[in-house]
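Reader: I'd like to learn how to read the features of a model like this one. Could you walk me through it, one feature at a time?
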Amino acid sequence: RVGLATDRSLFYVTAGPAWAHVNATTTFIAVPSMTVRDTASDDSWHFGLAAGAGVEYALDPHWSVFGEYLFYNFDSKGAFFQPTAAGAASDAQKRIDYAYSAQVARVGVNYSFDGRGPAGVAPYLKAPVVAHWAGFYVGANAGAGIADGHAIDVDQFTGSDMNFHTGFAALGGQAGYNWQSGAAVLGLEADIDWTSASASRPLGLDNSGGPFGPTTAQYKMDGFASLRARAGLALERSLLYVTAGPAIGHFKEN
């Protein structure tokens, strides 16, 4: 965790390795007999990364409460279909990949053996300086992220639904305006970004061709934009804020 302490509060961001144990089963049902022909399963630990942000507030020198948001993203593992006892044929050469992610918002309580909060602040420390954040601003940004897409085969004519999960790089710019009263800051920001998100996957379990040839789905996210309100707290040279608002994105799937 890396954070900024002010009075009774600690504002922080956090990241590190994570593990999850999952148990998933996929069943292939033959039509029109509706008998179970093959199954694939995943019962294992998955390694991944967790990242998020939070705030912790000292009630007294030993007890504190906190709230935080965490995003977990875990690696994928493949499993081959195995025929059941009633299966007339084997689909064991066909594989399914299992990948998982999770978002968690939680609150909790901590007990500190060494003491924390205002009782631990030396009396000679000066009060924090509140920086000036009001006015117009423009800027540029660069980053990376993870995109998810879904191709849903409603009538199951070509095979099955397909989920896309791919990393991407982003580059763009932003402009906004802030209003400030003391340490409280309210703002409005607009941004637009180009992204490199692109993925292609076979649609359905069987990609051998059949009468229609190989069936694939291709996903691409060209870019996105948002118009967001911001509410923050100015502390010395830092502005800690939360932001939310409407967003649009341009996608291609075929």
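Author: Let's start with Tyr 57, which is partly exposed, at a relative accessible area of 36%; buried means under 20% relative accessible area, exposed over 50%, and partly exposed in between, with a 1.4 Å probe and protein chains only. Before going on: this is a predicted model, where local features need pLDDT of at least 70 and side-chain atom pairs count only at pLDDT 80 or more, while totals for chains, interfaces and linings use all residues. Residues are numbered from 1 along each chain as its sequence is written, and side-chain values use heavy atoms, with hydrogens and water left out.

Reader: Where does Tyr 57 sit, and what is it in contact with?
Author: Strands are DSSP runs (E, at least two residues), numbered from the N terminus. Tyr 57 belongs to strand β3, residues 35-58. Contact means heavy atoms within 4.5 Å. Setting aside neighbours within four places in sequence, Tyr 57 touches Arg 8, Ser 9, Trp 63, Ser 64 and Val 65. Its C-alpha atom is 9.8 Å from that of Ala 5, 52 residues away along the chain.

Reader: What lines the largest cavity?
Author: On a 1 Å grid over the protein atoms alone, a cavity is a set of points where a 1.4 Å probe fits but cannot get out; a pocket is an open set with protein on both sides within 12 Å along at least five of seven lines, and lining residues have an atom within 4 Å of a point. Grid points are joined across faces, edges and corners, and a volume is the space filled by probe spheres set on the points. The search finds 1 cavity of 30 Å³ or more, and the largest holds about 30 Å³. Asn 178 is in its lining, along with residues including Val 185, Ala 231 and Tyr 241.

Reader: And the second largest pocket: what is its volume?
Author: About 670 Å³. Of its 19 lining residues, the closest to its centre are Ala 144, Gly 145, Phe 168, Phe 224 and Thr 243. β9 contributes the most to the lining, with 6 residues.

Reader: How do I read strand pairing around β12?
Author: Two strands pair if DSSP finds at least two bridges between them. β12 runs antiparallel to β14 (residues 247-253), joined by 7 bridges, and Phe 224 has Gly 249 in β14 as its bridge partner. With β13 (residues 238-244), β12 also pairs in the antiparallel sense over 7 bridges. The β12-β13 hairpin has 2 residues between the strands, and Glu 236 takes a positive phi near 50 degrees there.

Reader: Which residues make up the largest nonpolar core?
Author: A nonpolar core is a set of buried Ala, Val, Leu, Ile, Met, Phe, Trp, Tyr and Cys residues joined through side-chain atoms within 4.5 Å. The largest has 9 residues: Ala 147, Phe 164, Phe 168, Ala 170, Ala 197, Ala 199, Ala 217, Tyr 219 and Met 221. β10, β11 and β12 each give it two or more residues.

How values were computed: Helices (H or I, at least four residues) and strands (E, at least two) are DSSP runs, numbered from the N terminus.
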